[in-house]
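Good morning, and thank you for joining. I would like to take you through one structure, and I ask that you keep both the sequence and the model in view as I speak.

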Amino acid sequence: MSPLSIELSLGVSALFLLLLESFNMVPRKSIAHAVIALLVAALVALIISPTTTVPASMAEFYQLDNLAYFYKGLALLSTLAVTVMSLEYAPVINQFVSANPEKTKDAGLGEFYSLPLLVCLGMMVMASANDLVTIFVSLELVTVSFYVLVAFMRRSAGSLEAGVKYLILGALSTGLLVYGMAWLYGLTGKMTLAGITDKITHWQGSNVPLLFAAALLIAGLGFKVAAVPFQIWVPDVYQGAPTPVTAFLSVGSKAAGFIVLTRVVQTFLATDSAIAPQVTQMLLVLACATILFGNLAAIAQTNFKRLLAYSSISHAGYLLLALACHAHGLGFAPEEVVAFYLATYLPMTFICFLVLAAGRAQGISEDIVSFKGLARTSPKIGFALTLALAALAGLPLTAGFMGKFLVFFAATLDGNYASLVISIIGAAAGFYYYFKIILALHSKPEAEAPVISLNLGSQILMMLFVVAIIVVGVYPDLIGQMLHAGQ
Amino acid sequence: MSPLEIIILLPIIAALAIWLGAPARFTAVAASLLNLAVTVGLIGGYASAGGAMVWKSSHLVLSNPAIHFAVGADGISLAMTLLTMLVTTAAIWSIVDKDRIYYIASLLISAGALGAFLSTDIFFIFAFHELALIPTFLMIALYGHGDRKAAAWKITIYLGTGSLVLLTGLLGVVWLCSPDSGMTFDLAALHPFIGNDKTGWWGTSCFFTLLLGFGTLVSLFPFHDWAAPAYASAPTPVAMLHAGVLKKFGLYGLIRIALPLFPGVVQTPWIQHALLLMLLGNILVVGYVTLHQRRLDEMLANSSVMHMGYIFLGLAAGNALGVNGALVLMFAHGISIALLFMLCGKLRNHLSTLEMDKLGGLAANAPFLGVVFGIAAFASIGLPGLANFAGELLVFLGTFQSFAWDKGFTMLHITTILSLLGVIISAVYMLRAYRKIFFGEAATGLFMSDPVIAQRVPMFLLAAVLLVIGCHPASLLNLIQDSLAALNIK
C-alpha cells in the first residue's frame, strides 16, 4: 500500500461526495453514513496494515513514524465523532441555512457532512509533513475548510461573526507563519526540517535572525493551538460556530497545530541547537500565560460552550508546558506526552460537545443553568457528562488525570517549579469551573428538567468514549504502548 | 485475585448495582457487612505474618514510569481497613428514608478510602483518595445543611489544591527514591532517601511538600479552614465517613510514605518546629474556637479538627512509640467522631435546632442515646478505659522518650506540655455539651425518644469497639507494631 493511499482515497471521496451532493440525487443522511463508513474503513486500514516505508522520492517531505500514525488515528477518530455529532445537530444547521426551514429539511447538509473529510485529509498529511511547504499546504487545507465550516450557518449572526473573526485572525496567523518560514528558508537555505536542524546545530553567526524566525513560527502556530496571547479569537469563534465544528476546532485543529508545533519545536530544540534555551523559555512563558489565562477566565463563564472554549485554551497551556520540558528519565519524550494528552483530551471534550449539540438541536440553550437537573432526567447522559467533566478537571482514575500527571511529572523532573506552581493554580481553578457544571447537572431543576435523547450512533460513540476515559485512566499503558510501538 | 482487590471492588460494584436499580438499602448494607466480615477474617489470618505485606497482587498499568495496580496489606493497612469498614457499615446502616444517592455516595467514599489504604503503589494510593472528592462535593452541595454550597466549594477547592501539592511531593518522592533501574511508583521498590550535605536539601523540601499536601487533607493548621464548615453541613453519612475515615488518609500517607522514605527528616529542627507550631495551632487555636461554638454539629466539626493535633504530635516525635500512639489515636478518633456525628444526625432528624443552649434533658426520654453519647464524648476527651486514651498516652510517652535531664526541655517537650492544655479544653466543651443536651431541664417542645432497636445496632457496634480497644489496646497494638517496625520507624 502506498503511504498516501488512505489520505488520497479520503480526498477523492470528499470531492466525489461534494459532487454527488450538488446533483441532489441522494438523501443527505446517506452522505453522512457514507462518510462514517469511509472513516471507519480508513481507521481499520490504518490499524491493520501500517505502511512504514516511505519511498525515497517522498522522504524529503513526508515521514511515517509512530507519532505520525498516532496523529492520523486521532484525525480519523475526531472526524468520525464530528460526523456523528453533525447528524444530531442537523436540524439546527437546516434552520440557519435554509430560507424556509420548514420546507427544505436538508438544506446545506451535504456540504456540512463532506467538508470535514477535507479537514481530515489535511490533518493526516500534516501528521507526516516534515518540510515547510508540505506543512504549509496541509495546514492551509485545514484552515480554509474551517473558514467555510465555522461560518456555515449563514443566517445566524453569531456564526457569521465567528466566521469573520476566524478568517481575519487565521489569515494573520498564516501571514506570520509564512513570514517565519521565509526567514527560516532564507537563513538556512533548506525547506526540509531535517536540513534546517542540521544547519541550526552547526550555526556560526548571530542567532538573532534565527530567533526571529522561531518567534514568528511559534506565534503563527500559537494562533492555531490557541496559546495566549494569540487566543483572542477563541471564545467568540467557539461560541458562534456550529457545535460539531467547535468540537472539531477544539480537538482536531488543536491536534493538527500541535503535531506541526512538535515537529517545528523539535527542530529548534535539537541537541546543540544554537537557540534551544531561548525557544524553551519562549514556550515556557507561553505555557504559563496560557494556563493562567485559560483557567482564570473560565471561572466567570456561564455559557457551557464558551466555558469549553476557555477550557480548551487552558489545555493548550498544559500541552505547551509538556513541549517545553525535556523530561529525561520519564519514559515519555515531550512529543509523546503531548500526543498522550491529546488522545485523552479527545474523548472527554467530545462527550461535552456531543451533549451540547444534541441539546441545542432539541431546544436546550447552551447556558449552564439550562442543564440543571439533566442527571436526574437522563441518568446515563448525566453520568457520561459528569465523568467527562471530572476527567477535564483532572481527577485520578480518569484519562484526563493521566495527561496532566505526565505533564506535572515532566515539569518536576525538569525543575520548572515556577510553571509547576502556575499549573497547580490553574488546575485548582479548573476544579471550580468544571465542578460548577457537575453541580448544575445534579441539582434540582428550577422549572422543568431538560431531557436529551441521543440517536443510536451518538449513544455508541458516547459509550465508547466513557469506556476510553475509564480504561485509559486505569490502564494508561494502552496508549503508552501505541506510542512506543516498534521502539 | 487477591482478597484485597475484592474488598476494594465490592463497594464500587455495589454502587454501580444501586445506580442501575438494585434495591439500595439491602445492597449497600449487604455489601458493607460482607466487606466487614472479610476484613475481620483477614485480620484473624494475618496474626502470623510478623509485620510483612501479605496478599500481594500487582498488575502493570504503565511501564515507564512504572505504575502498578498493586495491593497488599500489613497490620497498619488492615487496622485502617477495619476502621473504614466499621464506619462504613455504621454510616450506611444509619441511613433512613433517603435517596439511593446517599448509599451510592457512601459506598464510593468507602471504596476510595479502602483503595487508598490497601494499595501499595503511590500512584493508586493517591488516585483512590481522590475518588471520594466528587461524591463528597455533590452530597454536601445538594443535601447538606446550612450554608451548604459554600462549604462544598471550600472543601473541594482546598482538597483539590492540597492533592495537587501532594502530587508534586509524591512525584518528588519517585524522583528521589527510585532505584537506578528507572522511575517507579511501587512503594516496595523505592529505597529510603539518604541525603548528604549537598542533596539533603532535596529530602527535606520534598518531605515538607508532602507534609503540606497531606496536612491539608488532614486539616493541619493553618490549612484547616475547610473542615469545620464541611463537616457541620455534610449529610450524616458523609460527615461520618469523611471525618472518621477519609481524613485519616493524610496521616496514613505520612506514616506509609513520608516517614519511612525520609528517615529522620521529621526530626530535622526546622521541619519539626514548623510541624509543632502548626499542630499547636490545631490544639490551642482551634480548641479555643471549639469552646465558643453554640451548635452541636459545629462543635463536633471543630473538635475533629482540633484532635488532629495530637496525632501530628505523635508523628512529630518520629519514634516508634509516638507513631504507634498516633495510629491508635487515628483509629480511636475515627470511631469516636463517627459515632458522635451519627448521634448528631439523629438529633438533627428529630429536633428543630442543634443549638445547645436551647436543648436539655434529652436523657430522660432517650437513655440509650444518652449513654452512647457519653461513651463517645468521654472517649473523645481521652478518658482511661476508652480507646483514645491509649493513643494519647502513647503519643505523650513518645514525645518524652527523648527527654534527657542534662539537655532540658526541647521544643517537642514544651509543645507536649502545652498540648496537655488541650485535653482540658476538650473536656470543658465536651462535658458542657453533654450536660446541656442530655441533662438539666427539658426544653419545651424539644424532646426525642430512643431509636428503634435496629437503629441502635450501629451505635452499639462503634461504642463497643471504643470500649474493647480502650480496655485492651494490645489487641490493636499487636496488629500494628510489627508492621511499623518493618517500616523502620524506631
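First, the confidence. This is a predicted model, with an ipTM of 0.91 and a pTM of 0.93. The mean pLDDT of chain B is 90, and 100% of its residues score at least 70. Within chain B, helix H15 (residues 362–365) has the lowest confidence, with a mean of 86, while helix H3 (residues 75–93) has the highest, at 94.

Now to chain A as a whole. Chain A contains 20 helices and zero strands. The C-alpha trace of chain A extends over about 70 × 50 × 40 Å along its principal axes. In chain A, 60% of the 487 residues count as buried. Of the contacts in chain A between residues at least 6 apart in sequence, 79% join residues at least 24 apart.

Helix H6 (residues 132–150) of chain A has 19 residues and spans 26 Å from first C-alpha to last, close to the expected 27 Å. Which residues of H6(A) are buried? Among them are Leu132(A), Ile135(A), Leu139(A), Val142(A), Phe146(A) and Leu149(A), together with Thr134(A), Ser138(A), Thr143(A) and Ser145(A). An α-helix has 3.6 residues a turn, so residues three or four places apart point the same way. The cover over the buried residues of H6(A) includes helix H5 (109–128), helix H7 (157–188), helix H10 (234–240) and H11 of chain A.

I turn next to the backbone. Most residues other than glycine have a negative phi, and most peptide bonds are trans. Asp272(A), which is not a glycine, has a positive phi of about 70°. Leu397(A) is also a residue other than glycine, and its phi is positive, near 70°. Leu397(A) sits in the loop between helix H16 (379–393) and helix H17 (399–414) of chain A.

Are these two residues buried or exposed? Asp272(A) is exposed, because 10 other C-beta atoms lie within 10 Å, and the cut-off for exposed is 12 or fewer. Leu397(A) has 21 C-beta neighbours inside 10 Å and therefore counts as buried, the cut-off there being 20 or more.

Chain B supplies two cis peptide bonds for discussion. One runs from Asn64(B) to Pro65(B), with omega near 0°, and Pro65(B) lies in the loop between E1 and E2 of chain B. Another joins Phe221(B) and Pro222(B), with omega about 0°; Pro222(B) is in the loop between helix H8 (200–217) and helix H9 (227–233) of chain B.

E1(B) and E2(B) make a hairpin, with four residues between them. E1(B) and strand E2 (residues 67–73) of chain B are antiparallel and are joined by six bridges. Val54(B) has Ala73(B) as its bridge partner, and Ser57(B) is opposite Val71(B).

How many residues of E2(B) are buried? Seven of the seven are, so E2(B) is largely enclosed by the rest of the structure. In a regular strand the side chains alternate between the two faces of the sheet. On one side of E2(B), Ile67(B), Phe69(B), Val71(B) and Ala73(B) are buried, and on the other His68(B), Ala70(B) and Gly72(B) are buried as well.

Finally, the interface. The contact between the chains involves 28 residues of chain B and 27 residues of chain A. On the side of chain B that touches chain A, two or more residues come from each of strand E1 (54–62), helix H5 (122–131), helix H6 (133–143) and helix H7 (148–177) of chain B. The most come from H7(B), with eleven residues. By type, this side of chain B has 20 nonpolar residues, seven polar and one charged.

Thank you; I welcome your questions.

Terms used:
Residues are numbered from 1 along each chain as its sequence is written. Chains are lettered from A and ligands numbered from 1 in the order in which they are written. This is a predicted model: local features need pLDDT of at least 70, side-chain atom pairs count only at pLDDT 80 or more; totals for chains, interfaces and linings use all residues. pLDDT is the predictor's confidence in each residue, from 0 to 100. Two residues are in contact if their C-beta atoms, placed from the backbone, lie within 7 Å. Ala, Val, Leu, Ile, Met, Phe, Trp, Tyr, Cys and Pro count as nonpolar, Asp, Glu, Lys and Arg as charged, and the others, Gly among them, as polar. Two strands pair if DSSP finds at least two bridges between them. The expected span of a helix is 1.5 Å times one less than its number of residues.
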